[in-house]
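Trainee: I've got a protein on screen and I'd like to learn how to read it. Can we go through it together?

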Amino acid sequence: MRHTTDEMSVDAPGGRTRVLLVNTKNPLGRCFLVHGLFDSAEGLLPLMDLLAGAGYACAALDLPGFGRADAGREAPCGQAAYARYALDVAGRVFPGEALCLIGHSMGGGVALRMAAMQPRSLACLTLLAPAVRFGRGARLMGRTAAPFLPAYLRGRRAVHGVMIRALGELPGEDRQESLLAPLRRAETAAFLGRLMAERYEPMRPFTEKPVLLLWGGQDRVLGRWPHGFTAALVPGARMRVLPGAPHCFPETRPQETCALLLPFLEEAIGG
């Protein structure tokens with residue numbers, strides 16, 4: 001990291017969360033980032049660091065159930081509930097400011113719902129390998145397998161396989177632990193069961209603000225099945241593919257991600 005990362009704790013309706021902040025002084029624009037399933041704000045730090053170097057203020061929250069956010073029965077659960085929660089947090093971090101909203105994976109689905117709920121609060125929207133809905137396999141896992149998650153996480157080989165599938169490589173020990181520690185909490189299994197069993201709530205196409213849609217060319221988590229479905233929800237979006245990139249390309253290939261993102265941000269803010 002080239003830039004200092006600050007932390008703040010936010011008490012929002014539904015529970016407390018952590019927000020990571022980079023470069024909040026005199027920015028060109030303000031980027032609010034939302035992470036994906038099983039991840040936390042830390043997974044977005046490589047991209048945030050590069051955006052900060054280009055002059056943007058960046059903030060990323062831990063969604064309820066992940067990172068250092070609460071995961072109790074009262075915590076928001078589901079993409080629509082997450083969207084309302086994240087909008088509240090964003091308003092506390094960047095009050096009254098137009099946001100460059102960026103969401104990865106499940107966070108892309110959350111970000112799209114945030115944009116639909118409050119389009120006037122946005123400058124633009126970027127969706128990075130967005131998972132707007134869970135597939136049948138994920139919903140089945142939520143209904144049947146979530147209670148066994150803590151035992152599954154003790155199987156190092158299985159966990160490593162999941163990480164390699166998402167990241168394209170095995171991360172270092174510290175990053176592994178940052179991913180796994182929240183999932184070992186006693187209340188997390190029940191929370192994940194509710195989250196992954198969620199049924200998709202239909203959305204209307206979002207056309208109010210500029211949208212950039214990025215996919216990884218070697219996404220072994222989503223594959224290509226959601227591309228057409230998601231594109232239909234953001235007609236007119238610019239769509240780009242990072243050749244050979246895995247699902248978690250904002251973390252593993254942040255330079256290439258940022259190179260595609262910066263011209264879009266500059267045009268959206270300048271326009």
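Trainee: What volume does the second largest pocket have?

Mentor: General idea to start: rolling a probe the size of a water molecule over the atoms shows where empty space is left. On a 1 Å grid over the protein atoms alone, a pocket is an open set of points where a 1.4 Å probe fits, with protein on both sides within 12 Å along at least five of seven lines, and lining residues have an atom within 4 Å of a point. Points are joined across faces, edges and corners, and the volume is the space filled by probe spheres set on them. Here the second largest pocket comes to about 240 Å³.

Mentor: Keep in mind that this is a predicted model, where local features need pLDDT of at least 70, side-chain atom pairs count only at pLDDT 80 or more, and totals for chains, interfaces and linings use all residues. Residues are numbered from 1 along each chain as its sequence is written, and side-chain values use heavy atoms, with hydrogens and water left out.

Trainee: Which helix gives the most to the lining of that pocket?

Mentor: Helices are DSSP runs of H or I, at least four residues, numbered from the N terminus. Helix H3 (residues 106-117) gives the most, with 3 residues. Among the lining residues are Arg-113, Met-117, Glu-201 and Phe-206.

Trainee: Is helix H1 largely buried or exposed?

Mentor: Buried means under 20% relative accessible area, exposed over 50%, and partly exposed in between, using a 1.4 Å probe and protein chains only. In helix H1 (residues 45-53), 7 of the 9 residues are buried, so the helix is largely enclosed by the rest of the structure. Leu-45, Met-48 and Asp-49 are among those buried residues. Just after H1, Gly-55 takes a positive phi of about 105°.

Trainee: And where does Ile-164 sit?

Mentor: Look in helix H6 (residues 156-167). Ile-164 has 35% relative accessibility, so it counts as partly exposed. Its C-alpha atom is 9.2 Å from that of Pro-246, 82 residues away along the chain.

Trainee: What does the side chain of Arg-253 reach?

Mentor: Arg-253 is in the loop between helix H10 (249-252) and helix H11 (254-270). Its side chain reaches the backbone oxygen of Pro-243 at 3.0 Å, and that of Gly-244 at 3.1 Å. Contact means heavy atoms within 4.5 Å. Leaving aside neighbours within four places in sequence, Arg-253 is in contact with Pro-243, Gly-244, Ala-245 and Pro-246.

Terms used
Helix = DSSP H or I, 4+ residues; strand = E, 2+ residues; numbered from the N terminus. Polar contact = N/O pair within 3.5 Å; in protein donor to acceptor, adjacent residues only side chain to side chain.
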